[in-house]
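Me: I would like to go through this model and ask what stands behind each label. Could you set the values against the definitions for me?

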Amino acid sequence: MIAETGGQERMIRLFELAGPAGSEPRPAAPNLEVLSIDPRHALQSELQAQLPIGGIAGRLVDTRAVAAVAQTAPALRELLALSTIRNLLAGHHDTVVLDAPATGHAIGMLEVPRTLQRIARVGPVRQRAESLVRLLEDDRQTAVVLVSTPEDLAVSETLDAWERLATTHVPCAGTIANGVLEPLFEAGDEAALAVVGDGDGPAARAAVAAAHARMAQTAAERELLRRLPSPLAELPLIQGDLPPGRAEAAELAGLLEGL
Amino acid sequence: MSLEAVLQGKRIVVCAGAGGVGKTTCAAAIGMAAAGRSMRVLVMTIDPARRLAGALGLPDIGDEPHRVDLTGRGMPAAGRLDALMLDAKGTFDRLVREHAPTTERAERILRNPIYRQVSGAVAGSQEYMAMERLWELHAEGGYDLIVLDTPPARNALDFLDAPGRVMRFIEGRALRLLLRPGLRAGRLGLRVLGSGTQVMMSAVERLTGLTLLEDVSEFLGAFDGMYEGFRDRAERVGELLASERTTFVLITSAEPEPIGEAEAFWQALVEHGMPFGGAVVNKVHPDHLQGRGRRGVRSRAQRQLVDAGVPEAVATRAAANLDGLQALASRDRTAIERLERLIAPQPLLCVPRLDHDVDDLDAVSAVSRHLER
């Protein structure tokens with residue numbers, strides 16, 4: 001299961017799944033489903049499981065009032081998202097890949113069970129928080145993977161996230177650099193191209209300028225990637241005319257498989 | 001020339017667009033260009049990742065304006081560039097203290113868990129507080145121009161509706177519904193909802209271990225009577241943003257996805273009657289052929305390189321690289337032309353992908369020079 005939070009439904013678009021958006025799991029490929037975790041829907045399922053009055057919970061969760069609570073109750077959104085993941089694992093899913101929100105929010109989310117554990121000393125909340133803490137902090141069950149691109153801001157943010165994660169007890173497996181320019185030129189190519197001068201053809205001069213641009217960018221990227229801690233993999237830049245889709249995901253999956 | 005047209009007569013520039021397109025760097029570059037016209041400029045960012053700090057080479061940057069050191073960059077003596085990173089919670093707290101009738105009441109609100117959630121994380125409070133801080137600084141009048149760098153948004157409405165969403169929350173119509181189940185006992189529907197809601201609320205409390213009902217009622221009680229002040233203020237901010245002193249500038253890269261979002265953003269701005277100044281397309285792939293056609297360029301480059309004395313294998317690589325980069329350049333050009341037609345007669349400014357991707361003051365300065373071309 002690939003689960004995403006925040007209701008952006010990027011996975012639905014990436015896997016080119018037709019039909020209306022919703023918060024039901026959807027088959028995307030053999031053995032693979034995608035799910036967009038909607039806090040309102042998760043709250044509804046929780047309440048249906050808890051309340052004796054069954055159907056009424058469904059109607060209640062549709063009201064604006066309850067939507068406001070789902071939005072506001074401190075940590076409720078995060079708790080519901082994490083609980084949804086735990087339930088998926090308790091059901092028939094072997095692995096859940098969580099496409100977490102942007103770094104700051106993601107780490108905040110991972111800290112929620114510990115915070116609740118501190119607040120609630122006894123009772124069902126305590127039990128739930130404890131079971132989530134056990135799941136999240138067990139390095140045989142959970143790993144955080146930080147994904148960066150070879151850009152200055154992205155690398156800086158990844159470094160910040162790395163440091164902040166170290167203060168939690170959630171195990172971090174390492175970083176993946178995505179969208180890296182593949183090396184094309186070899187040592188000595190720059191010198192070999194230096195013979196081209198003003199008297200040569202325009203396409204040759206353009207090719208030299210383009211080669212210099214590529215070499216400069218490759219060098220800048222290498223410099224940035226050196227700053228990434230615990231690198232797990234580098235994935236190449238795949239350029240297409242369309243937003244990332246199923247074909248690109250399949251290609252990257254193949255590359256990860258080969259590592 | 002074109003940037004001149006965008007800035008003409010404006011006091012506020014709102015930079016909007018998707019994430020990852022270099023929005024903060026462009027906002028800072030617009031600020032630097034304005035400072036180059038002898039203006040006193042403030043660049044404000046909302047991003048929690050301290051991006052502006054990075055882009056402007058500031059080691060530490062607080063809720064207060066911080067002077068950017070522009071020595072040696074050929075700035076006119078009167079030109080000045082300040083930067084500020086918004087502290088959304090701090091601004092909200094200040095606003096509460098200002099509007100609360102007593103210090104005691106203000107403290108009660110600031111301690112309330114619901115308030116803390118709203119001021120920190122409720123969708124829209126960052127944007128709302130950015131507008132508040134913008135209004136404060138605009139009203140103080142210390143600047144000729146304020147450039148606001150907004151958080152990345154999928155659509156313009158997220159930004160424009162932010163004050164409305166937060167105001168509706170504080171007003172608490174939805175929350176009040178939870179608290180007064182028997183309020184309209186004559187209407188059966190509401191009563192059923194009310195009692196069911198209480199059952200549900202206690203279930204939520206069991207779920208989170210929090211005293212939700214108590215917190216909500218305290219939150220609403222504490223804000224009682226303050227709503228009007230907040231609303232008046234939000235209305236004035238809204239008027240300022242829609243006025244002719246303000247202009248929205250779209251920042252995008254030439255990638256298909258951000259360009260698509262920029263088009264949708266433009267649509268929303270127009271529909272809302274917001275003042276639109278133009279677009280900046282950042283990270284454009286340079287056209288090494290300077291407009292000459294791409295057809296057959298790979299074999300042409302290969303031949304010409306070999307003729308010039310470049311070894312065959314190197315020529316093959318260089319020709320393939322040129323072809324690949326030109327493909328990107330031509331894709332960019334198509335997207336740019338489409339956006340340009342859409343937003344005409346407002347200008348579209350292009351900034352090429354810079355060789356070194358380090359977001360320091362030099363990069364800001366380089367982008368700024370391209371905006372001036």
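Me: Gladly looking at it now. What describes the packing of helix H4 and helix H7 of chain B?
Reply: This is a predicted model. In it, the axes of H4(B) (residues 88-99) and H7(B) (residues 125-140) come within 9 Å and cross at roughly 65°. The crossing is left-handed.

Me: And what makes this a contact, and which residues of H4(B) take part?
Reply: Contact means heavy atoms within 4.5 Å. On the H4(B) side, Ala88(B), Thr91(B), Phe92(B), Arg94(B) and Leu95(B) meet residues of H7(B), including Tyr128(B), Met129(B) and Glu132(B). The contact residues divide into 5 nonpolar, 3 polar and 4 charged.

Me: Which residues are linked with Arg94(B) in a network of salt bridges?
Reply: The network links Arg94(B) with Glu64(B), Glu98(B), Glu132(B), Arg133(B), Glu136(B) and Arg233(B).

Me: Let's turn to chain A. Why do E5 and E7 of chain A count as edge strands?
Reply: The open sheet has the order E5-E6-E7, with parallel pairing. E5(A) (144-148) and E7(A) (231-236) each have a single partner strand, so one side of each is left without a neighbour in the sheet.

Me: How do you know that E5(A) pairs with E6(A)?
Reply: Pairing needs at least two bridges, and 5 bridges join E5(A) to E6(A). Val145(A), for one, stands opposite Gly174(A) in E6(A). As for what packs on the sheet, H10(A) touches E6 and E7 of chain A, and its direction makes about 170° with that of E6(A).

Me: Why is the pair of Arg227(A) and Asp152(A) called a salt bridge?
Reply: The cut-off is a side-chain nitrogen within 4 Å of a carboxyl oxygen, and this pair has 3.3 Å from N to O. Arg227(A) lies in the loop between H10 and E7 of chain A and Asp152(A) in H8(A), so the pair ties together parts that are 75 residues apart in sequence.

Me: Are these two buried or exposed?
Reply: Buried means under 20% and exposed over 50%, with partly exposed in between. At 36%, Arg227(A) is therefore partly exposed, whereas Asp152(A), at 10%, is buried.

Terms used
Residues are numbered from 1 along each chain as its sequence is written. Chains are lettered from A and ligands numbered from 1 in the order in which they are written. This is a predicted model: local features need pLDDT of at least 70, side-chain atom pairs count only at pLDDT 80 or more; totals for chains, interfaces and linings use all residues. Side-chain values use heavy atoms; hydrogens and water are left out. Axes are lines fitted to C-alpha atoms, for helices over the stretch in contact, and angles run from 0 to 180 degrees between N-to-C directions. Helices (H or I, at least four residues) and strands (E, at least two) are DSSP runs, numbered from the N terminus. A crossing is left-handed if the near helix is turned anticlockwise from the far one by less than a right angle, and right-handed if clockwise. Ala, Val, Leu, Ile, Met, Phe, Trp, Tyr, Cys and Pro count as nonpolar, Asp, Glu, Lys and Arg as charged, and the others, Gly among them, as polar. Buried means under 20% relative accessible area, exposed over 50%, partly exposed in between (1.4 Å probe, protein chains only).
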